[in-house]
Amino acid sequence: EQVLELDERLNNYAQLVHHTLHIDCREYAGAGAAGGLGFAALSFLNATFKPGIEVIAEYSNLEHHIKEADLVITGEGCIDEQTLQGKTIAGIANLSKRYHKPLIALGGAVRGNYQDLYTHGLSAAFSISSGPMTLQESMHNCSTLLTQKANDLMRLWSIGRQV
């Protein structure tokens, strides 16, 4: 009931903004994010939206770093077929592919058709989980699990470089 009431009130608010400012931002992707904060930013601040990877890449000089790297390692909570639908890894994969750099992704979970990412620049994906565990256990031990898997990964990379 509360969700329906809130939705109705937000719709009334959007109609009032449209009537007053003669703009309608309800259909913009991201306008409903954070309880309508996106809508307010678009309507009152003349904001524009950028995909998160573009912002990260710009502020971190990501393209330069990938271009200069021998190996790119990234991570995500869950790596699956949805990873290409706007997650940061998708943007990193595109840059890695552009510069012919191997990209390895570490995830709390790696599942579904994640292999589809291979055609988009991902070289390999690994779960940091060392075996069956609950989400709570995985989150509680994330730092240790990530460190261990990264260590294993770098040992493997080192072997490959010696051959």
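Predicted model: local features only at pLDDT ≥ 70, side-chain atom pairs only at ≥ 80, totals over all residues.
**Stop 1: Tyr 13 and Phe 39**

The model has two aromatic pairs. Select Tyr 13 and Phe 39 for one of them: the ring centres are 5.8 Å apart and the planes stand at 65°, so the pair is edge-to-face. Tyr 13 belongs to helix 1 (residues 2–21) and Phe 39 to helix 2 (residues 33–45), so the pair ties together parts that are 26 residues apart in sequence. Colour the two by accessibility and they part ways: Tyr 13 is partly exposed at 35% relative accessible area, while Phe 39, at 7%, counts as buried.

**Stop 2: Tyr 114 and Tyr 118**

Move to Tyr 114 and Tyr 118. Here the ring centres lie 6.2 Å apart with the planes at 90°, so this pair is edge-to-face as well. Tyr 114 is buried, with 17% relative accessibility; Tyr 118, at 34%, is partly exposed.

**Stop 3**

Helix 1 and helix 2 are the elements that supply two or more residues each, and helix 1 gives the largest share, four residues. Phe 44 sits in helix 2 and is partly exposed, at 46% relative accessibility.

**Stop 4: Glu 5 and Arg 9**

Stay on helix 1 and turn to charged side chains. Four salt bridges are counted in the model. One of them joins Glu 5 to Arg 9, with 2.7 Å between the closest N and O atoms. Both residues lie in helix 1, four residues apart, which is about one turn of the helix. Glu 5 is partly exposed, with a relative accessible area of 40%, and Arg 9 is exposed, at 56%.

**Stop 5: Lys 50 and Glu 58**

Next select Lys 50 and Glu 58. Their salt bridge has its closest N and O atoms 3.0 Å apart. Lys 50 is partly exposed at 46% relative accessible area, and Glu 58 is also partly exposed, at 48%.

**Stop 6: Asp 70 and Arg 161**

The side chains of Asp 70 and Arg 161 meet in another salt bridge, at 3.8 Å from N to O. Asp 70 is in the loop between helix 4 and strand 1, and Arg 161 is in helix 7 (residues 142–162), so this pair ties together parts that are 91 residues apart in sequence. Arg 161 is exposed, with 53% relative accessibility.

**Stop 7: helix 5**

Finish with residues 88–98, which make up helix 5. Which of its residues are buried? Select Ile 89, Ala 90, Gly 91, Ile 92, Ala 93, Leu 95 and Ser 96: these are the buried ones. Now show their surroundings. The elements that cover them include helix 3 (52–60), helix 4 (62–68), strand 1 (72–79) and strand 2 (103–110). Then step just past the end of helix 5 to His 100, where the backbone takes a positive phi of about 55°.

Key: Residues numbered from 1 in each chain as written. Heavy atoms only, no water. Phe/Tyr/Trp six-rings, centres within 6.5 Å; stacked < 30°, edge-to-face > 60°. Buried < 20%, exposed > 50% of the residue type's maximum accessible area, 1.4 Å probe, protein only. Contact = heavy atoms within 4.5 Å.
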